[in-house]
Amino acid sequence: MTTIADSIQKVRERISAACESAGRNAADVSLLAVSKTCGPEAIREAHAAGQRAFGENYVQEGVEKIAALRDLPLEWHCIGPIQSNKTRLVAGHFDWVHTIDRLKIAERLSAQRPEGMAPLQVCIQVNVDGGATKSGVAPGEALELARAVAALPRLRLRGVMSIPEPVSDFAEARAVHGRVRSVFEQLRGAGLPLDTLSTGMSADLEAAIAAGSTMVRVGTAIFGARG
Ligand SMILES: *Cc1c(COP(=O)(O)O)cnc(C)c1O
């Protein structure tokens, strides 16, 4: 039987191999374990295998797991869409938010971030492949939003995130992730001190790393297919 520890080891090997092929340092790519739909026990197993950072899509589900796992020193990332009526829960429980695509949500998160907690680490979500109903700002709107978010007192802008549609061809996938990289470089070129390019999932982490990803978000390859 394949354990979660085995799967994490395999994913780490994939990350190392992809960094090697891209001439990059494996220490520059971090692994976010996407634990949506998994129970707390699976997360404990992953933690025992050395994993610290976990991503959740659904706010209420994430908050329940954060409470159930308070005894472990974990880092929690919100990677799902956030409605206005959920910002207080997110601001009060998560360490990171990857899905900032509206200033209004960012302003609420900043205003609601409790004083006793570190600033909320955030990424601007960009939509690079034009899915009209998908979340994320258009690349051309990212800089204006990033500047406004960077000015909010209780948020710390760390980078750019994207969820491109899967494509089967490696070169094509690398090109799509390359568009996310371009937005990241544009924002850095404008003087924003960003260090996080959150792109790449179970199926395409190699292409994302080839394009410059610094954080891959991996669910299925660690925890198995979601039911
Ligand atoms: C589910 C999810 C992932 C992980 O996807 P896998 O294909 O299971 O690795 C990554 N990012 C986001 C935003 C997700 O919703």
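Student: Why is Ser-110 called buried?
Tutor: Buried means under 20% relative accessible area, exposed over 50%, and partly exposed in between, with a 1.4 Å probe and protein chains only. Ser-110 has 5% relative accessibility, so it counts as buried. Bear in mind that this is a predicted model, where local features need pLDDT of at least 70, side-chain atom pairs count only at pLDDT 80 or more, and totals for chains, interfaces and linings use all residues. Residues are numbered from 1 along each chain as its sequence is written, and side-chain values use heavy atoms, with hydrogens and water left out.

Student: Where is Ser-110, and what does it touch?
Tutor: Ser-110 is in helix H5, residues 103-112. Helices (H or I, at least four residues) and strands (E, at least two) are DSSP runs, numbered from the N terminus. Not counting residues up to four places away in sequence, Ser-110 touches Leu-152, Pro-153, Arg-154 and Leu-155; contact means heavy atoms within 4.5 Å.

Student: What makes Leu-143 buried or exposed?
Tutor: Its relative accessible area is 16%, so Leu-143 is buried. Leu-143 belongs to helix H6, residues 142-150. Setting aside neighbours within four places in sequence, Leu-143 is in contact with Gln-186, Leu-187, Ala-190 and Leu-192. Leu-143 and Leu-192 are 49 residues apart in sequence, yet 9.4 Å apart in space, C-alpha to C-alpha.

Student: And Gln-121, why does that count as buried?
Tutor: Because its relative accessibility is 12%, Gln-121 counts as buried. Gln-121 is in strand S5, residues 120-125. Leaving out neighbours within four places in sequence, Gln-121 has contacts with Asp-95, Trp-96, Val-97, Arg-156 and Arg-158.

Student: How do you know that S1 and S2 pair?
Tutor: Two strands pair if DSSP finds at least two bridges between them. Strand S1 (residues 30-34) and S2 have two bridges, in the parallel sense. The partner of Ala-33 in S2 is Phe-54. The chain gets from S1 to S2 through helix H2 (residues 40-48), and this β-α-β crossover is right-handed.

Student: What makes a crossover right-handed?
Tutor: Point the strands away from you: the crossover is right-handed if the path from the first strand over the helix to the second runs clockwise. There is another right-handed β-α-β unit in S2, helix H3 (residues 59-68) and S3. S2 and strand S3 (residues 75-78) pair in the parallel sense over four bridges, with Trp-76 as the bridge partner of Phe-54 in S3.

Student: What else does S1 pair with, and how covered is S1?
Tutor: Four bridges join S1 to strand S8 (residues 215-218), and the two run parallel. Ala-33 stands opposite Val-218 in S8. As for cover, four of the five residues of S1 are buried.

Student: Which way do the residues of S2 point?
Tutor: In a regular strand the side chains alternate between the two faces of the sheet. In S2 (residues 53-56), Ala-53 and Gly-55 point one way, Phe-54 and Glu-56 the other, and all are buried.

Student: Why is one space called a pocket and another a cavity?
Tutor: On a 1 Å grid over the protein atoms alone, a cavity is a set of points where a 1.4 Å probe fits but cannot get out, whereas a pocket is an open set with protein on both sides within 12 Å along at least five of seven lines; lining residues have an atom within 4 Å of a point. Grid points are joined across faces, edges and corners, and a volume is the space filled by probe spheres set on the points. The largest pocket has a volume of about 320 Å³. The lining of the largest pocket has 19 residues, with Lys-36, Asn-57, Ile-163, Met-201 and Arg-226 nearest its centre.

Student: And the cavity? How much space does the largest one hold?
Tutor: About 30 Å³. Pro-164, Glu-165, Pro-166, Val-167, Ala-173, Val-176, His-177 and Asp-204 line the largest cavity.
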